[in-house]
Amino acid sequence: MARGTITAQSGKQFAAEVEVREGEAAYYTLFGPPGGFNQLADGDGLEVSLNDAVAVSLDAEVEGETDCSAMILEYSPAGDRINTIRAMPGERLFYHPRPGVRRVLVAIRCHGVGRARIRSASVEVLHGYYGGVAVERFGASDGSDSIIARIGRRTRPFVLAPMARRHVVFPDVPAGDWQIEVAHEDRYIQQNRSSLIGRIALSEEPPSSALIKRLGMAECSRGHAYSYLGGGRKGDVVTQSFGFSLATAQRALALELSLPIERSVNVNSVVLRRPPVVRDAAADRVRALDKGIAKLLAETPQLETARSLLYADISLNVVDGSSVWLSSMASVLCAVGPCILVAKADPETQIVLGNVRNRENLVVIGPRDLGLTGQLTVKDAAHVVRALDDQLPHVRDVVVRGLTAAAELTATRQFRDRLRIYLTDFYTIGANGLETSEAQRRMAVQAVTHAGTVLTQTPEIAARLAALTGVDFAASAMPPAIPDDPYPAQLPPIANRPIRIGYAGKINPRWGISELLDWTRQLRLTGQEVELTVVANKISASGVSGFVARIKEAFAELGVVHHVDFDRAQSMELMATMDYVWCWRPEELEEHTLELSTKLVEMVANGARCICYPSAINRSLLGEDYPYFVRWVADLRTVLKSTATVDPALAGRVRARHGLQPLSERMASEVFVAPQVAAPRRICFAGHDMKFVEPYVSRLKAQGHEVRHDDCGWGSISDEQRSRRFAEWADIVFCEWGLGNAVWHSQNLPEGKRLVIRCHLQEVGERARGFGAQIAIDRVETVIFVSAGVRDQAVELFGWPVEKTVVVPNFVLDDEYAFHPPEPGEVIHLGMVGIVPQRKRFDRAVDLALELSRRGHRTSLQIKGPRPETLDFMRAPTRVDELAYYREVYDRARHLEALGSELRFQPWGNDVSAWYRGIDHIVSCSDFESFHYALADGVLSGCHPLVWPWSEAETIYSPDWLVEDVVQAADRVLAFRSAQADVRQAELLRNRDLVRDRYGFATVFARLDAVLGLA
């Protein structure tokens, strides 16, 4: 010890003045002896246990360079010092003994140079304190049996007696997110979720509804935060957990385990710990994409002018029919204006892009531009397209090729009327000809229903899609395009030299290359000299084992001249020197394909002799008497010996139909039409959920208005810098929802800008109504409400001037829902779209199905949407009671099977219009709604409505649709089914007319235009 003075003083409280000289220190002990501190004799200090707490406080004033602190010194059972804990003046040290600590000594230490005046120093030993938390909060008889546990360490095993409670107390719990996990081996508890209950209480705050809400938990009948701990993960040891969030640190947190059954349970352990960090690879990918998109937009100002977006799951580094289509489509779009091509892979060569006309109008975005490696998946690319469309104000057209990409982008209505899809992969060719899986069919129905235009390569594709989907979609022919500058075939005399046959395109097992090589061997064996030239930068095995090796061996054997790095122009120039061009594909492909070969079109337009199969599609292009049709090798021998020639006019006819220039001109006038709006406005739509307004936003962009989306959070904006930039840019800020977005924009609206807010139902609900009071209503031009009832509530709640409000109802897309009323069959089909949240009253729909079944009518209750237990947010502690409700209804629904009926779930998707075709009666049994889209959409589709009397239902729709209860609903169903067919049809048509006339999109869009001053 350094030179100094030690003075001892025993007692609970202490006050003194001390002067400390340089190199000295003064120590004052409370409840302890003077002398050294490294060893403590028996009987000295304070004896403590895990259940105790020691409170030390120090109030001191120092002068000069003097430090004064309180210390707690820990000692083992043998009296050896283990550790020292310090607290400075003004701090209250609340100490919890650790395992292995038997005694503690409390001391005051002064050192340095100067004076210290200790006003007071005190120590209080709280024996049984932590068990006392359980006594105070839970009303336990005493805290002596409480288990004191440390954060992150499992407790020892213990027994929970029948109908009993046991408490586990965790000292010194910091603020933040926490998880309590209970482990046991009891199968009954594992199978019965409500058989074990966990409640928590805090030392620093008594139980209250407000506290429980902050914790993120549910409130039990005793007024405590609770969670069921039955159920859990299976295994040798069953584990179940629940989470909560502490806003402030707690000296102690008590867990009460309650067993409301006549059964003992052996609990292996309880542990309190931070929740595990679960990495979400999909979310990480989205964050990486968003980061790359934001950086790219900031660094590439020319993107701002983009008029169109283009994507196909096609490599720009391989020349084949697909990449030729991509370059042709890029040329068509670039002729109209600036275009962004989202590339699957980074272009490493200009082999494809070099053929794009008006190349200066094209910007290519590949993975590298987004800071990524590898390739973009279809889902990645769809996210990029959506994000670009959100932030680039001039995008009028979005073009995608491929069924999967089209399904991704039609999953919402962000691109309604602006999406152009090109589909060739909605079928495969199998042993039985054309085959389309059910998954392909569903995607095709969704894609063509929601696309603005379906671009079809051939009339056969258009007809097949129409038959497959049953949708009357808008189609525009887009046959294979060829360059306007031809490469005329030279067709030199063949006499006295080998015949040159050329092939340019993809090398694939089904593309006829194997037959070309095999037939060349056979021709040579019969004395016919043939030389082969191939242009292909890739050999694709397509899953055929050994294909690549066999092709390379045959190339070597036959002396094939193989060019791997030619672009499209070089390829056609070379093919023009050939005697014949190989465009032949096998019978099993040609007799069933609906597509026309791009290679065949190109070569015929150049006047080449094209060897091809005489399929119906090829005959329609070339004529029935085309002299170079070949089925077998014998036909090929005949063709090569023939002197027949092609009608010279054929090339001109093909070029007139497939030339890039005439195709571009036609599509510019037919599909990619220039906007007609005379005075385009700049509009920023701000909101977290745009599904109820997306079609209107897309229509504004299609008309030529400049539109951006400020993607906000529910309760706040997401990016203040972006929100400010968009607000400064816009003429009008349109807040979709009156939530945190409306608060911020009303409080930060730049001078001279107009602010319009659109409110639904959520804004007047308990959870969200706090936002309305914060909205600076004096900065708001108009508040749109979707119903008069919501408007009246908001005016009363927030004191908003009624003259600033207007009611414009939600709109329905009546053109997407064709009238297809099903004929009544043996089974009654009830439909319900979405059963979450609980206010949707799933139980009423189940009870209706049961009532009909008990009356002897087989019933299928079909739910479109997810089961609640599969939704992440439904696993929150606050949703415990709600999930219990759904389990109870599921149990009730099990009786349907015994009655010959069923409950069926179908996943949510944008294919709901097709789903309605199988529904007889659409059910709206909610406690309350603001509009209920599913009801309106079902009625448009020809479903018979059954509506419980939620507020305004009789005025929004019709009192004739309302039922009071399950019995009346069942009576209504059976009465409708027993009516004459013409009576049913007339009623359904009246219902459809009511919805269309009041809420059809054309009518409501015009009213929104009027509010915004766009009419």
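**Figure 1. Strand β27 and its partners in the predicted model.** Arg500 has Glu531 of β28 as its bridge partner, in a model that is predicted. The two strands, β27 and β28 (residues 530–535), run parallel and are paired over 6 bridges. Of the 6 residues of β27 (residues 499–504), 5 are buried, so the strand is largely enclosed by the rest of the structure. Strands of a sheet pair through backbone hydrogen bonds, in either the parallel or the antiparallel sense.

**Figure 2. The open sheet β9-β17-β11-β15.** Four strands form an open sheet in the order β9-β17-β11-β15, and their pairing is antiparallel. At the edges lie β9 (158–160) and β15 (238–246), each of which pairs on one side only. On average, neighbouring strands of this sheet are turned by 35° against each other, with direction ignored. Strand β11 (residues 176–184) pairs with β15 over 9 bridges in the antiparallel sense.

**Figure 3. The largest cavity.** The model holds 5 cavities of 30 Å³ or more, and the largest contains about 50 Å³ of space. Its lining consists of Ile200, Ala201, Leu202, Pro207, Ser208, Leu211, Ile212, Leu215, His224 and Ala225. Strand β12 (197–202) and helix α3 (209–215) each contribute at least two residues to this lining. Sorted by class, the lining of the largest cavity has 8 nonpolar and 2 polar residues, and no charged ones.

**Figure 4. The second largest cavity.** A volume of about 40 Å³ is found for the second largest cavity. Residues lining this cavity include Ile482, Pro483, Asp485, Pro486 and Tyr487. Met572, Glu602, Ala605, Asn606 and Arg655 are also among the lining residues. By class, the lining of the second largest cavity has 6 nonpolar residues, 1 polar residue and 3 charged residues. For the largest cavity, by contrast, no charged residues are counted in the lining.

How values were computed
Residues numbered from 1 in each chain as written. Predicted model: local features only at pLDDT ≥ 70, side-chain atom pairs only at ≥ 80, totals over all residues. Heavy atoms only, no water. 1 Å grid on protein atoms, 1.4 Å probe; cavity = no way out; pocket = protein on both sides within 12 Å on 5 of 7 lines; lining within 4 Å. Points joined across faces, edges and corners; volume = space filled by probe spheres on them. Nonpolar A, V, L, I, M, F, W, Y, C, P; charged D, E, K, R; others polar. Buried < 20%, exposed > 50% of the residue type's maximum accessible area, 1.4 Å probe, protein only. Pairing = 2+ DSSP bridges. Axes fitted to C-alpha atoms, helices over the stretch in contact; angles between N-to-C directions.
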